[in-house]
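Colleague: I have the model open and would like to go through it with you. Could you take my questions one by one?

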Amino acid sequence: MTEISREHPRYESLITREKIVEGVRIGITSKQGLVAQGRGEAFDYLIGERTTESAAFAERAAVAHMLLATKLIISVNGNTAALVPENLVALADVTGATLEVNLFHRSDARIHKIAEHLKSRGAGKVLGCKGDKRLDLSHDRAIVDEEGIFNADVVLVPLEDGDRCQKLVEMGKTVISIDLNPLSRTSLSSTVSIIDNVTRALQNMTQFAKDMKHDSRQSLRDVIVSYDNNKVISDALYAIQERLKLQAGERGIQWI
Ligand code: PTJ
């Protein structure tokens, strides 16, 4: 890994980039994952590299769904395995979720490597190696485990593909996405769209889950009932617009 000084003004962003590069080097992240990370970085810059109030609201609603779930799965791909393996394990532990490796650029070798990578960070059972069910989709992200995503009622999908997200919703599942692009098909079709960096979102959600774990089922349901996903998407677009306006103003550039 390239040595990054803590003093560097873009330290966090550069470290995240290094983690993805390292993921490619050790064979858990796809090369396409580098491109996806770049796109995420661009949206994060526009949002202000922070968890907005509205994203935090979505994260709380997501946790309420997770704590009420009967069968909860967290889907793991090559990017999240490289960026946040410990956070995935921590969130699964506190919410009672099972991790399932599910890849767009699927290979058995990469699935096994990711499962081992998660286990080396403390994960118990990791699904995804069987791939004994298929969703009605034309790409390999359709391949899932029957005891996992196929039968889950709630699925957390960080960095998901839009068509699979839509398919999971069509199947009647509660789908929680984490995607920095507020206008991606994933964000537009999820039950709860968390428009935040996966590196911040999972940490926040783990803390919320610790705080909410002993809340009554009724109070968790109340959090869900008061949640409006369209508002969360509008708020993200508004946050981007306001940040651009502010940045332009600070540089003496007229905002039209
Ligand atoms: O490991 P695999 O084979 O399953 O492949 C994973 C990737 C991510 C390469 C694959 O699913 C893919 O190509 O995804 P997309 O279609 O590029 O979508 C990725 C979405 O995640 C984009 O909307 C990005 O803006 C967003 N994104 C990227 N990095 C982050 C992010 N969202 C939150 N946090 C990030 N760090």
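Colleague: How many bridges join S1 to S2?
Modeller: There are 4 bridges between S1 and S2, and the two strands run parallel. Strands (E, at least two residues) and helices (H or I, at least four residues) are DSSP runs, numbered from the N terminus. Two strands pair if DSSP finds at least two bridges between them.

Colleague: What should I bear in mind about the source and the numbering?
Modeller: This is a predicted model, in which local features need pLDDT of at least 70 and side-chain atom pairs count only at pLDDT 80 or more, whereas totals for chains, interfaces and linings use all residues. Residues are numbered from 1 along each chain as its sequence is written.

Colleague: Back to the strands. Which residue in S2 is the bridge partner of valine 76?
Modeller: Valine 101 in S2 is the bridge partner of valine 76. S2 is also joined to S3, by 2 bridges in a parallel arrangement, and there glutamate 100 has leucine 127 in S3 as its bridge partner.

Colleague: In what order do the strands form the sheet?
Modeller: The order is S3-S2-S1-S6-S7-S8, an open sheet of 6 strands with parallel pairing. Strand S3 (126-127) and strand S8 (192-194) are the edge strands, each pairing on one side only.

Colleague: And S1 with S6, over how many bridges do they pair?
Modeller: S1 and S6 pair over 3 bridges, in the parallel sense. Isoleucine 73 stands opposite valine 155 in S6. S6 in turn pairs with S7 over 5 bridges, again in the parallel sense; valine 154 has threonine 174 in S7 as its bridge partner, and valine 157 stands opposite serine 177 in S7.

Colleague: How many residues of S6 are buried?
Modeller: In S6, 5 of its 5 residues are buried. A residue is buried if 20 or more other C-beta atoms lie within 10 Å of its own, exposed if 12 or fewer, and partly exposed in between, with C-beta atoms placed from the backbone. Val154, Leu156 and Pro158 lie on one side of S6 and Val155 and Val157 on the other, so to speak a strand covered on both faces. In S2, Thr98 and Glu100 point one way and Leu99 and Val101 the other way, and all are buried.

Colleague: Which strands does helix H3 lie across?
Modeller: Helix H3 (residues 53-68) lies across strand S1 (72-76), S6, S7 and S8, and runs at about 135 degrees to S8. Helix H6 (residues 108-120) packs on the sheet as well, touching S1, strand S2 (98-101) and S3, with its direction at about 150 degrees to that of S2. Axes are lines fitted to C-alpha atoms, for helices over the stretch in contact, and angles run from 0 to 180 degrees between N-to-C directions.

Colleague: Why is isoleucine 114 buried?
Modeller: Isoleucine 114, which lies in helix H6, counts as buried because 28 other C-beta atoms are within 10 Å. Not counting residues up to four places away in sequence, isoleucine 114 touches Ile28, Val76, Gly78, Ala81 and Val101; contact requires C-beta atoms, placed from the backbone, within 7 Å. Isoleucine 28 is 86 residues apart from isoleucine 114 in sequence, yet 5.7 Å apart in space, C-alpha to C-alpha.

Colleague: Moving on to H7, which of its residues are buried?
Modeller: Arg164, Cys165 and Leu168 are buried in helix H7 (residues 162-170). They are on the same side of H7, because they cover an arc of only 105 degrees around the axis. That arc is taken over the directions from the helix axis to the C-beta atoms. Their cover includes strand S6 (154-158), strand S7 (174-178) and helix H8 (185-189). Just after H7, glycine 172 takes a positive phi of about 90 degrees.

Colleague: Last topic, the ligand. How many residues surround the ligand?
Modeller: The ligand is surrounded by 23 residues, and the closest are Ala36, Gly40, Asn77, Gly78 and His105. A residue belongs there if its C-beta atom, placed from the backbone, lies within 6 Å of the molecule. Helix H2 (32-47) and helix H4 (78-83) each supply at least two residues of this shell, and H2 gives the most, with 7 residues.

Colleague: How do the residues of the shell divide into nonpolar, polar and charged?
Modeller: The shell holds 8 nonpolar, 12 polar and 3 charged residues. Ala, Val, Leu, Ile, Met, Phe, Trp, Tyr, Cys and Pro count as nonpolar, Asp, Glu, Lys and Arg as charged, and the others, Gly among them, as polar.

Conventions: Contact = placed C-beta atoms within 7 Å.
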